[in-house]
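Hi,

Here is the structure I promised to pass on.

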Amino acid sequence: MSLYQPATRPTLYFIGVTTTKSSIMRVFPAWAAHLGLKDAVIKGIDFPLHAEPQAYREAVAFIKADPLSLGALVTTHKIDLYKACRDMFDEIDPFARGMEETSCLSKRDGRLVCHAKDPISSGLALDGFIEPGHFARTGAELFSIGAGGSTIALTWHIVRPERSDDVPSRIIVSNRSPHRLDEIRRIHAEIGMRVSVDYVLAPRPEDNDAVTATLKPGSVVINATGLGKDAPGSPLTDAVRFPERAIVWDLNYRGDLVFLDQARRQQAERHLQIEDGWTYFLHGWTQVIAEVFHIAIPTAGPDFDRLGEIAISAAKG
């Protein structure tokens, strides 16, 4: 017997770890009303970190077969779900194929389509708060803590040929397990990185502190681990020393954001620019909603700003 009940209304699924805690459960109905998505609803599907492949396959099989289950946003499980279900997708977009992850499932003419939207959504978020020419002007580096799908997408975006010489002088990726580092190293080799990349095994927060201490002024330090949201804590210790004028970005916007608290304690002394994951959240969801419901949603300007206002209002409700 299936674990899942057939949808009775057009349904977008949210595949994550703690989906009921996400503000999207309040935001989506408000967005749906604004966007004219009549009767559309959102439902969460929670899996533990690195769930069994069969669990992912059962969820994807249900979505694929159920007429009113229109698609899904995938977070945290992007790589594991892709690997478990690759043979079930009728189409795989070039980003998903190249990065071997999925953040979005949609249907087109009865076919299940696998997308990786992170290269677009993370790029839009990053470019929204880093001034054009920052890396070329400062020689700054980029340190992404966590070697999952978000880091794969971000590092792809930051070295695109369109950026010319406005790229980090060095990229560092750390992770607690060697397996993920091996994966991202292989994907980077296939993509062709035009920037030197260091892959650092960092089983302890102190290991990430040590990398942070080597960074040049103006460097970007990213928490791409899920710590603070999917699990408690920070990938750094309270003893960390951020570079002068660093840009400190937590991809999370909810939870106990210890990483951002650590940065705020040094903000004045070190002249830090601190960013949370709210805009990343907006771009990530609107990109998926546009794909799943086959509508156009702007990525900037008054109409996008209005979606942000609706989200803030709904999230507080």
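Below is what turned up, grouped by site. Keep in mind that this is a predicted model.

I'll start with D66, which sits in the loop between α2 (53-65) and β3 (69-74). This residue is buried and yet has no salt bridge. The nearest side chain of opposite charge belongs to K107, 6.2 Å away, and a salt bridge would need the charged atoms within 4 Å. What D66 does have is a polar contact of 2.6 Å, side chain to side chain, with S69. If you leave out residues up to four places away in sequence, D66 touches P6, A7 and K107.

Next, the cysteines. How many disulfides does a search of the whole structure find? The count is 0. Take C104 and C114: the closest cysteine sulfur to that of C104 is in C114, and at 8.5 Å the two are too far apart for a bond. For a disulfide the sulfurs would have to be within 2.5 Å. C104 counts as buried, with 0% relative accessibility, and C114 is buried as well, its relative accessible area being 0%.

C85 is another cysteine to look at, and you'll find it in helix α3 (residues 78-85). Its relative accessible area is 0%, so C85 is buried too. Setting aside neighbours within four places in sequence, C85 is in contact with Y56, R57 and V60. If you want a distance to check in your viewer, the C-alpha atoms of C85 and L68 are separated by 20 Å, with the two residues 17 apart along the chain.

Last, the aromatics. The count comes to 14 aromatic pairs. One of them is W278 with F281, which is stacked: the centres are 5.0 Å apart and the planes make an angle of 25 degrees. These two residues are 3 apart in helix α12 (residues 278-293), so about one helical turn separates them. Both positions are on the buried side of the cut-off, which is under 20%: W278 has 19% relative accessibility, while F281 has 8%. W278 and F281 also belong to a cluster linked by ring pairs, along with W31 and Y253.

Cheers

Notes: Residues numbered from 1 in each chain as written. Predicted model: local features only at pLDDT ≥ 70, side-chain atom pairs only at ≥ 80, totals over all residues. Heavy atoms only, no water. Helix = DSSP H or I, 4+ residues; strand = E, 2+ residues; numbered from the N terminus. Buried < 20%, exposed > 50% of the residue type's maximum accessible area, 1.4 Å probe, protein only. Lys, Arg positive; Asp, Glu negative; His and termini not counted. Polar contact = N/O pair within 3.5 Å; in protein donor to acceptor, adjacent residues only side chain to side chain. Contact = heavy atoms within 4.5 Å. Phe/Tyr/Trp six-rings, centres within 6.5 Å; stacked < 30°, edge-to-face > 60°.
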